[in-house]
Each structure stands twice: as C-alpha cells, then as structure tokens.
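Have the viewer open and try each task before reading its solution.

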Amino acid sequence: MSDEADEIAERKMQFLFALRSKGVTDARVLTAMEKIDRGPFIRGYFSERAYEDMPLPIACGQTISQPSVVGLMTQALRVSNRDKVLEVGTGSGYQAAILSLLARRVYTVDRHKRLVQDATEIFNTLDLTNIIALTADGSFGLPDQAPFDRIIVTAAAEDPPGPLLAQLKIGGIMVVPVGQSDAVQRLIRVTRTESGFDYDELRPVRFVPLVEGLGRDG
Ligand code: SAH
C-alpha cells in the first residue's frame, strides 16, 4: 500500500475504534459510518479535524455533531431498511447521509436554505438518491409526508414538539435532545404505542437550539 493509503486506513481504524469505545456497537450503524466519509461535510479551516470525535463549526453558525453522538443517536433510532425517516436539522448533511444507508427514504429539513443547498450538493455527489432535503421549520414536521416510522431531531427542544409526536406512526420511534439550549440536555427516545407514548432517557448531550421560523437566508 502507498503511504497515503496506509494513512487513510489507519485514520479509518481509529475513527471506528473511537465510536466503539463510546458505545456504538450496532454493526449496521458502524458499517454505514465506515462508508460515509465525514471529510466532505466539513469545509474550510476545520476540515483537517474531520476524523476527530468532536463537534465542529459549519456555515450559518451551526455545528456538525460529534461522530460518537451521531452513532449513538442512529443506534437508538433502530432504523430498518423499510423505514421512512424524518430528520429535523440537516446541518452539514452528515447524519442524513448515514441514515440514507439504513432507511428506505430520508426527509431532512433545516431552517437555513444555505445548509440545505450545500448538503444537497454532497448527497448528489455521493449518489445518495433516497434523501430529500428541504428548507422548512422542522418544529412543525413535514405534514405532507407524514406519518414517519422514525424521527430524529438534531437540535434541542424544551419539550418533544407536539407536531412531531403527532407525525410518528404507531410503533414509531423519535430520538430528540430535550432541555434548555445553554445547558446540558437529555437525549430522549419516544416510542409511540397504541395508547400513547413511552419515554426513555438515554444520555446527556449538548446541541444547538431548535429555533422557530426560517433563517434569514431561507
Ligand atoms: N444533523 C446535523 C447537525 C445539526 S446542527 C449534521 O449531521 O451535521 C442543528 C441544525 O438544526 C442546524 O443546522 C439548525 O439550522 C437546525 N435547526 C434549528 N432549528 C430548526 C428548525 N426549527 N427547523 C429546522 N432546522 C432547525
């Protein structure tokens, strides 16, 4: 192998090792995260740090989540290849790209048009044809496409948003960080049952806030 190929293989091994050591153990999730290179989702100055297990700044004052948190949330979502998934908070598009390898179809929305445009470009380059990215206020979900088998919210809400609960199928699962935006939040898994909702508290997390309305660029 060339030096460069060696370096890429070594970097990938370390990346997967960090995921496993933080509790990402689901083989399908690890395989998807091995296939989707985080590099293209981070532009400019911070791109060198793409393979470190840390959140990084992206455009519009937002962040791409820490890979281990992406892995743990994806694992908690228990996605199958028959599922129609909604992601609220496209950001860089990294989480949606991983979901696209596990689900039938992924709808992802962000309040910033620019982020949706940049992410769509990457989805096209990677030929991820089952992702539909839209500019929208995701706190209202996506009524035209509802109901969903799975919903993942990658921005923190004070409570799980009512419209999202309403757009979850019976038996469906939603993963959402809940709490004040400037504090440590709790990652919650909500399962819709025949008669209501079950709530599991998973772990502390830190996300940018879910903000109402479209961004000024949207
Ligand atoms: N999942 C992303 C990281 C998301 S950061 C990734 O893989 O890179 C959180 C994102 O949520 C930001 O891009 C922010 O613009 C978006 N957001 C915040 N409030 C929103 C809302 N009401 N509707 C849609 N997107 C929202």
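**Before you start.** This is a predicted model, in which local features need pLDDT of at least 70, side-chain atom pairs count only at pLDDT 80 or more, and totals for chains, interfaces and linings use all residues. Residues are numbered from 1 along each chain as its sequence is written, and side-chain values use heavy atoms, with hydrogens and water left out.

**Exercise 1.** Locate Arg-78 and describe its phi.

*Solution.* Start with the place: Arg-78 sits in the loop between H3 and S3 (helices, H or I, of at least four residues and strands, E, of at least two are DSSP runs, numbered from the N terminus). Next, look at the backbone: phi of Arg-78 is near 50°, a positive value in a residue other than glycine. For context, most residues other than glycine have a negative phi, and most peptide bonds are trans.

**Exercise 2.** Find the cis peptide bond that involves Pro-147.

*Solution.* Go to the loop between strand S5 (131-135) and strand S6 (148-153), where Pro-147 is found. The bond joining Ala-146 and Pro-147 is cis, with omega about 0°.

**Exercise 3.** Characterise the shell around the ligand.

*Solution.* First, count: 27 residues surround the ligand, and the closest are Ser-92, Asp-110, Asp-137, Gly-138 and Val-211 (a residue is near if one of its heavy atoms lies within 4 Å). Then sort by class: the shell has 10 nonpolar, 13 polar and 4 charged residues (Ala, Val, Leu, Ile, Met, Phe, Trp, Tyr, Cys and Pro count as nonpolar, Asp, Glu, Lys and Arg as charged, and the others, Gly among them, as polar).
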